[in-house]
Amino acid sequence: MQSNADRMASIQERLNLLQTVAGTTFGNHSLDAILHQHIAHVCNVFRADFCVMRKLIDDQLVLLASHGIEPSNLLPSIEPTLGITHHLIQNKAPIGVPDVQNHPIALPSLISQNKVEFISYAGTPMICNDVVIGILGVFYRKDHHEYSKDDLLLLQALGNSLAVAIKNHEMFSQLQDINEDLDQRVKTRTSELESANRELEAFTYTVAHDLRTPLRAIVSNSQILIEDFEEALPLEAKALLNRQAVAAKRLATMMDGLLSLTRIGKVDVQKAQMNLSRLAEEVALEFIRANPACPPKFSIEPDILIAADSRLIRTLLQNLFENSVKFAKPNQPAVVRLRKCKKDSDVTFIVEDEGIGFEMEYSAKVFQPFERLVREEDYPGTGIGLASVKRVVDKHRGLVQVDSRPGEGAAFTFRL
């Protein structure tokens with residue numbers, strides 16, 4: 001007879017085992033290591049001589065883990081269609097057999113293990129989502145062991161918990177395989193896109209560079225014809241030659257912008273701590289000197305420190321300030337502010353103006369090359385400036401957003 005203390009210790013031991021198995025997590029550990037650890041605990045708690053776990057794979061019960069017996073003494077796989085194994089799978093309930101030699105359903109399929117002798121056995125189907133995925137059994141070599149209802153319920157709970165753990169591990173492994181496959185596909189696709197972008201940039205650079213010479217020739221020849229044959233040329237011919245020269249000059253300007261945009265893409269970003277405010281003051285002074293008749297007004301918050309490539313940031317500021325100066329309200333000096341955002345610490349800086357602004361429905365277009373929201377004759381330009389700004393931000397793996405309203409200016413928010 002067990003004392004109350006021994007009985008309580010046994011109950012606690014079983015509860016601890018059940019809690020451990022039910023809370024199985026694999027982490028970086030292998031499935032085999034965890035299962036062998038658990039099956040050893042099962043064997044110890046049941047005071048069994050050995051314990052065996054098999055998994056149902058392709059109509060075979062394949063040895064998965066064992067404790068207390070050499071795996072070489074066990075058949076690698078057994079048929080699940082006869083004897084107690086068949087009974088367990090069909091009934092989906094545990095069974096205890098005190099004497100396998102005299103049990104009505106203990107057919108040779110159970111007792112014909114290679115080099116294995118045992119007298120008593122208890123087994124349970126391992127069930128997950130109402131599907132039997134294997135069998136867990138405890139074996140006694142000499143004792144005619146009697147199994148209580150609690151024994152079988154515990155064995156059943158352990159078997160089902162192990163089944164869930166195995167299935168979770170399988171799904172986790174499948175998910176890892178899928179993620180690895182996706183990662184590889186993303187890497188491959190990214191590499192292909194980067195290669196395609198490099199080829200496109202090289203092609204764009206070559207085309208833009210090579211077109212500059214013939215465009216200059218067109219402009220030059222048009223001017224020569226007008227100057228040398230002015231009296232012989234009809235007025236209509238002069239007008240056509242002038243239009244040709246203007247169009248060629250505009251195309252040359254667009255090529256220059258395209259070359260500038262392509263060069264930004266070729267730059268390797270070299271980030272360093274820099275004082276954005278000081279750089280902005282230098283760039284602002286250039287615009288003030290370039291517009292003495294109506295100098296723009298700049299308000300730059302001091303000591304805005306950022307980590308960025310100073311060469312690219314200078315390009316960004318030049319294009320932003322040029323955009324603000326160009327789209328100032330008629331007969332008014334441009335007003336440009338550079339500041340930090342007090343409400344959002346993720347915002348690196350904001351550049352805003354009080355120019356003509358635009359409707360927000362066109363906000364996506366302003367960063368696209370050659371996209372313009374105004375007429376050429378009203379505001380000359382190529383549509384490359386803000387595209388260059390976006391390219392600089394992309395090179396820093398950042399984000400730029402714009403907020404604008406007609407007649408109220410535009411505010412560009414940067415996160416670098």
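## Basis of the model

Two strands are taken to pair if DSSP finds at least two bridges between them. Helices (H or I, at least four residues) and strands (E, at least two) are DSSP runs, numbered from the N terminus. The structure is a predicted model in which local features need pLDDT of at least 70 and side-chain atom pairs count only at pLDDT 80 or more, while totals for chains, interfaces and linings use all residues. Residues are numbered from 1 along each chain as its sequence is written, and side-chain values use heavy atoms, with hydrogens and water left out.

## The chain as a whole

The chain contains nine helices and 13 strands. Of its 416 residues, 39% are buried; buried means under 20% relative accessible area, exposed over 50%, and partly exposed in between (1.4 Å probe, protein chains only). The exposed surface comes to about 24,000 Å², with 52% of it supplied by carbon and sulfur atoms. These areas come from the Shrake-Rupley method with a 1.4 Å probe, and for residues only the protein chains shown count as cover.

Among contacts (heavy atoms within 4.5 Å) with a separation of 6 or more, 65% are between residues 24 or more positions apart.

## The six-stranded sheet

Six strands form an open sheet with antiparallel pairing, in the order β3-β2-β1-β6-β5-β4. Its edges are β3 (77-78) and β4 (95-97), each of which pairs on one side only. Within the sheet, β5 and β6 (residues 131-140) are antiparallel and share nine bridges. Cys128 is placed opposite Val131 of β6.

Two helices pack on this sheet. Helix α2 (residues 31-45) touches β1 (50-57), β2 (60-67) and β6, and its direction makes about 70 degrees with that of β2. Helix α3 (residues 83-91) touches β2, β3, β4, β5 and β6, at about 35 degrees to the direction of β5. Axes are lines fitted to C-alpha atoms, for helices over the stretch in contact, and angles run from 0 to 180 degrees between N-to-C directions.

Met126 belongs to strand β5 (residues 120-128). With a relative accessibility of 1%, Met126 counts as buried. Leu162 is 36 residues from Met126 in sequence, and their C-alpha atoms are 7.1 Å apart.

Val164 is part of helix α5 (residues 149-228). Its C-alpha is 8.5 Å from that of Met126, across 38 residues of sequence.

## The five-stranded sheet

A second open sheet has five strands in the order β8-β10-β11-β13-β12, and its pairing is mixed. The edge strands β8 (297-300) and β12 (399-404) each have a single partner strand, so one side of each lacks a neighbour in the sheet. From one strand to the next the twist averages 15 degrees.

Strands β11 (residues 349-353) and β13 (residues 410-415) run antiparallel and are joined by four bridges. Ile350 stands opposite Thr413 of β13. Thr413 is buried, its relative accessible area being 18%. Apart from neighbours within four places in sequence, the residues in contact with Thr413 are Val347, Phe349, Ile350, Leu399, Val400 and Gln401.

## Packing of α7 and α8

The axes of helix α7 (residues 276-290) and helix α8 (residues 310-326) come within 10 Å and cross at roughly 45 degrees. The two helices are therefore oblique to each other; angles under 35 degrees count as roughly parallel, over 145 as roughly antiparallel, 65 to 115 as roughly perpendicular and the rest as oblique. The crossing of α7 and α8 is right-handed, meaning that the near helix is turned clockwise from the far one by less than a right angle.

On the α7 side the contact is made by Leu276, Leu279, Ala280, Glu282, Val283, Ala284, Glu286 and Phe287. The α8 side contributes Ser310, Ile313, Arg314, Leu317, Gln318, Phe321, Glu322 and Val325.

## Positive phi in two loops

Lys92 has a phi near 55 degrees, a positive value in a residue other than glycine. Lys92 sits in the loop between α3 and β4 and is partly exposed, at 32% relative accessibility.

Arg397, also not a glycine, has a positive phi of about 55 degrees. Arg397 sits in the loop between α9 (385-395) and β12. With 79% relative accessibility, Arg397 counts as exposed.
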